[in-house]
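Q: Hi! I have a model open here and would like to talk it through with you. Can we go piece by piece?

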Amino acid sequence: MKKIIIFTLLIGSATTLINSNDKQQIIENKIHEEHGMKKLFAPWRTKYTNGEAHKNDGTEKRDECSFCTQLDEQDDEKYFILKRFKYNFVMLNRYPYNAGHLLIISLEHKKNLYDLSPEARQELIELSSHCTKIVQDILKPAAMNIGINLGKIAGAGMPAHLHMHILPRWLGDTNFLPVFGQTKVISIDLTTVYKQLKPSFDALEI
Ligand SMILES: [Zn+2]
């Protein structure tokens, strides 16, 4: 529970930062630092937060949902889908806060945890365990945030379709990301990270 709350704060605040001007960002960074909370600032996410995520309000039907349309295309490599399981699938977040930012997403277009069957919820939690182990073994982050944002106000970019974030963290990532984070670099990283993680997911049976 503690991790989920912390992550909700992280994503919500980061979204606020991206949509603000530089001066506001500096002020907010200062406020957060004074409260002992350093934020990931991911400028390459602006296109996403100002576009797709901005207009999503949680009322999207299945045919308006990019998770569902990506699933339907059956081109998993194109969308960085690492594996489909019985009730959920795992993919790289195409708009990551950090390299190796995974999403565990229900196969069904459902909004809430209580909309899922007990079996789907159990698999979601089981997958969170496996995903953190794989990320730890392959990418060796210093730490990880995991969590679910329920609803737009809580920070969900795709509030109509339940998904859990697995976010690797490295010491100092709050500092170097604003300097080196560019869309092009991150898209190269997506392909590289996908290839790094894919064999472990291919071998994973739950
Ligand atoms: Zn969906």
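Q: Let's start with V90. Which residue is the bridge partner of V90 in β3?
A: That is I104. A word on names: helices (H or I, at least four residues) and strands (E, at least two) are DSSP runs, numbered from the N terminus. Also, this is a predicted model: local features need pLDDT of at least 70, side-chain atom pairs count only at pLDDT 80 or more, and totals for chains, interfaces and linings use all residues. Residues are numbered from 1 along each chain as its sequence is written.

Q: Thanks. How many bridges join β2 to β3?
A: Five bridges, and β2 and β3 run antiparallel. Two strands count as paired if DSSP finds at least two bridges between them.

Q: Which residue in β5 does I104 stand opposite?
A: M164. Four bridges join β3 to β5 (residues 163–169), and these strands run antiparallel.

Q: What's the strand order of the whole sheet?
A: The order is β1-β2-β3-β5-β4, with five strands forming an open sheet and antiparallel pairing. β1 (81–84) and β4 (143–147) stand at the edges with a single partner strand each, so one side of each is left without a neighbour in the sheet. Neighbouring strands are turned by 15 degrees against each other on average, direction ignored. For those angles, axes are lines fitted to C-alpha atoms, for helices over the stretch in contact, and angles run from 0 to 180 degrees between N-to-C directions.

Q: Back to β3: how many of its residues are buried?
A: Five of the five residues of β3 (residues 102–106) are buried, so this strand is largely enclosed by the rest of the structure. Buried means that 20 or more other C-beta atoms lie within 10 Å of a residue's own; 12 or fewer makes it exposed, anything in between partly exposed, and C-beta atoms are placed from the backbone.

Q: Which way do the β3 residues point?
A: L102, I104 and S106 point one way, while L103 and I105 point the other way.

Q: Which residues have the most contacts inside the largest nonpolar core?
A: They are V90, M91, L102, I104, C131 and I166, in a core of 30 residues. Such a core is a set of buried Ala, Val, Leu, Ile, Met, Phe, Trp, Tyr and Cys residues joined through C-beta atoms within 7 Å. The elements giving two or more residues to this core are α5 (66–72), β1, β2, β3, α6 (118–139), β5 and α8. The largest share, five residues, comes from α6. As general background, nonpolar side chains tend to be buried together in soluble globular proteins.

Q: What does C131 touch?
A: Leaving out residues up to four places away in sequence, C131 touches V90, L102, I104 and I166. Touching, or being in contact, means that the C-beta atoms of two residues, placed from the backbone, lie within 7 Å.

Q: New topic: K111. Where is it?
A: K111 is in the loop between β3 and α6. K111 is partly exposed, with 19 other C-beta atoms within 10 Å. Not counting residues up to four places away in sequence, K111 touches G58, P159, A160 and L162. K111 and L162 are 51 residues apart in sequence, yet 4.9 Å apart in space, C-alpha to C-alpha.

Q: And K195, buried or exposed?
A: K195 is exposed, with 10 other C-beta atoms within 10 Å.

Q: How about D202?
A: D202 is in helix α8 (residues 183–203). D202 is exposed, with 10 other C-beta atoms within 10 Å.

Q: Last one: what does the chain average for pLDDT?
A: The average is 79, and 67% of the residues score at least 70. pLDDT is the predictor's confidence in each residue, from 0 to 100. Over residues 1–24 the pLDDT is below 50, and pLDDT stays under 50 over residues 176–185.
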